[in-house]
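Hi,

Here is the structure I promised to pass on to you. Have a look at it first, and then read on for what turned up in it.

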Amino acid sequence: MGCLSLRETDDHLSVEAVLEQPEEGDVVDTSTIQELLAFSGYAAYKPEDDAIHELLDSLGQDEEHPPQFPITLTIARKLDAQLSLTLSPDKLFATARIQAAYGGQCINAKQIKQALTDAHICKGIRAQEIGALLKAAQHAKPGKVLEKVIACGKQPEHGRDGEWIADVQSLREQLNQPTQREDGTVDLLDFGEIMTVKEGELLMHLEPPTPGKLGFTVTGEVIPPIPGKAVPFTPAEGVKLNAEKDQILATRKGLPVRQPRGIRVDQVYTCSKVDVGTGHITFDGSVIIKGDVEDSMKISATGDVTIGGSVYYATIEAGGDIIVKNGVIGRQLQDQNHQFNSDDINCTLRAAGHIQIGFAQYARLEAGAGISVEKQLLHCMSRTAGLIELGKGQRDKNSKLIGGISYAGSGVICANYGTEAFIPTEIRLCFDQQGKAQEQELLEKLNSNSKLLKELKLLIPKLRELPKTPETTEKTQRLVSTIEHTSKLIATLKHKIRKLRVYLLQQRQASTMLARGHIYPNVKVYIAEQPFKFSEPCIGGGVSYQGGEVAYDSGLRQT
C-alpha cells in the first residue's frame, strides 16, 4: 500500500508506521496494518494495539482539524524473552516461566543459572528439564508462555512404627493350609496335626520403629522426618517378654491366638465331637472339636472355637474366632409360606472375631470382625461390622447368597445373589445404628442449647432497663458469661455433627454389594436404609451409594 510504510527506529527496538496522504481507493484499517506487519521483517515484534487504533483514529473526518501528513507512530516493539521463577509454598518445587521473545533475545542457560542463584535454589535442580524448556522457548511463537518444574525437593520419608511380627501360625492360618497327602493331593477336610506351642517358645519378635529419612527443600533446608512410634506390648495370659523386651515367649503349652499388639496362649480343650455324651462345653480358652457338634448342644469359649466337621442346630459362642470346616445347619421351626423369620432359627454362632465356615443354612451368624463362607448362605441371618465374603477369590463363580437377611458394615461380596425362583433376599449395608443414635443425640443437644441461647439473649435488654446496682451488674456479667459458654457449646456441637455426618457419608460411600456372577430379581439392597430392588436379572457389577442415592452399576468391580 503506497500510502503506508514501515521503518525501524534508530535504536533498532521498535517499528514505526509512516502514513502519507491516502489516495483514492486506498484502504487503511486494522487488518491492512497487521498484514503489512506480518509480511515485513518485523513480524515477530509485539504489536502496539493502542498505537494502531490511534493511527486509524487520526484519519477521521474532521474539517476543523484535518490530519497532518505524514503521520508517524510506533506500532510494534522488539522485546526480549522474559523469565520468572516461582517457589511452591512448601519450597519443594521451583517452576520456571518463560514468555517467548518478540523478535528479541531468547533466555539462555546462564540467565537460568543466575535466576536460580538469586532465588537461593541450590538443591534438586533438574538440568534435563531446563534444557528442554530452553529449547522449547527458542522455537515457540512470540509471546507464548511456557512453564516447567526445574527443581524438586524431597519429602521426608517418615519412620515406620514398631511392629510385633509373629513367629508362629494362628489356628486359622494353619487350617487354611490343607493337609497334603502322600500322592501330592490335598485333603480339604483334614485338620492335620494342630500345632500348639510349648513353654518358653518364641511367639513374636519386635521390629523396632525406624527414624525415617531426611527430606530437603529446593533452597537446601532440611525437612526432618516424623520418627515411627514404639509399639507397646499388651500383657496377656500365657505369655511374657524376654529380658531385652524384644521377644514374646510362651509361659505355658497351648494354642497361640493373635490379638492387637501381641499374642496370647490359650489353654486348649479338645475332643472328637460334642453330643449328649460329652454335654455342653464351657471353657476358659480355645476349643477344638475334631468332628461334629450335634443337635441342641452348646459351646462357650473365651478363645477360638474350631470345628472339624459340621454344626447341627447348636449354639456356639467365642471370644475369638469361630471356624467350621464343613457346614452350619439349622432349621426354621415354623416355616409358614416360606417366609423368612430370623427369630425362629435354632442354630446360632456368635464370635467377637471372625466366623469362617464352609456353608450355612437357616443359621444365625454374628461376628465382630467379618464373615467368610466358602460355598453358600441359605436363609441365614448374618450380621457383622465388617465384610461378608462368599467364595474364594475373584475367580469364584459358584458361591451363592440366597434368602435371609445379611447385615454388613462394610460390604458383601459373592458370586450369585438370589435365585431364578425370585426368593426374597435382603442385604443391609452401613447399618450404623450407633452412629445414627449419636447424631440424634447431638441434634437434640444442639436444639435445646440453641433454644436456651435465644431465651438468654432476650434477658439482656430487661437487665439493662433495671437500675445499675452491684447486684444487677453481677447478674449481667453472669448472663454474658453463660451466653458465651452456651455459644461455644453450640459451635462445638455443630462441629461434632458435621464431623459425624462426614464420617457416616464416607461409610455409606465405602459400602458396596459386589457380584461376580448373577443377581436375580427380588434381591433388595439397603445402604443406610436407602433401598434398591432388582426387578430384572443382572450379571456382575454391584450396588453402591454415590451422589446421594443407591444405584446398580454394571461396571463396579472388586478392588
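Leaving aside its neighbours within four places in sequence, which residues is Ser 511 in contact with? There are Gly 409 and Ser 410, then Leu 429 and Cys 430, then Ile 527, and finally Val 543, Ser 544 and Tyr 545. Do keep in mind that this is a predicted model.

To find Ser 511, look in the loop that sits between α7 (470-510) and β38 (512-515). Is Ser 511 buried or exposed? Its relative accessibility is 1%, so it counts as buried, the cut-off being under 20%.

Now turn to Pro 211, which lies in the loop between β11 (202-207) and β12 (215-216). Pro 211 has a relative accessible area of 60%, and because the cut-off for exposed is over 50%, this residue is exposed. Beyond its neighbours within four places in sequence, Pro 211 still has contacts: Gly 159, Pro 225, Ile 226 and Pro 227.

Finally, a word on confidence. The protein has a mean pLDDT of 84, with 88% of its residues at 70 or more. Over residues 185-192, however, pLDDT stays under 50, and for this stretch the model has 25 contacts beyond four places in sequence.

Enjoy exploring!

Best wishes

How values were computed. Residues numbered from 1 in each chain as written. Predicted model: local features only at pLDDT ≥ 70, side-chain atom pairs only at ≥ 80, totals over all residues. Heavy atoms only, no water. Helix = DSSP H or I, 4+ residues; strand = E, 2+ residues; numbered from the N terminus. Buried < 20%, exposed > 50% of the residue type's maximum accessible area, 1.4 Å probe, protein only. Contact = heavy atoms within 4.5 Å. pLDDT = per-residue confidence, 0-100.
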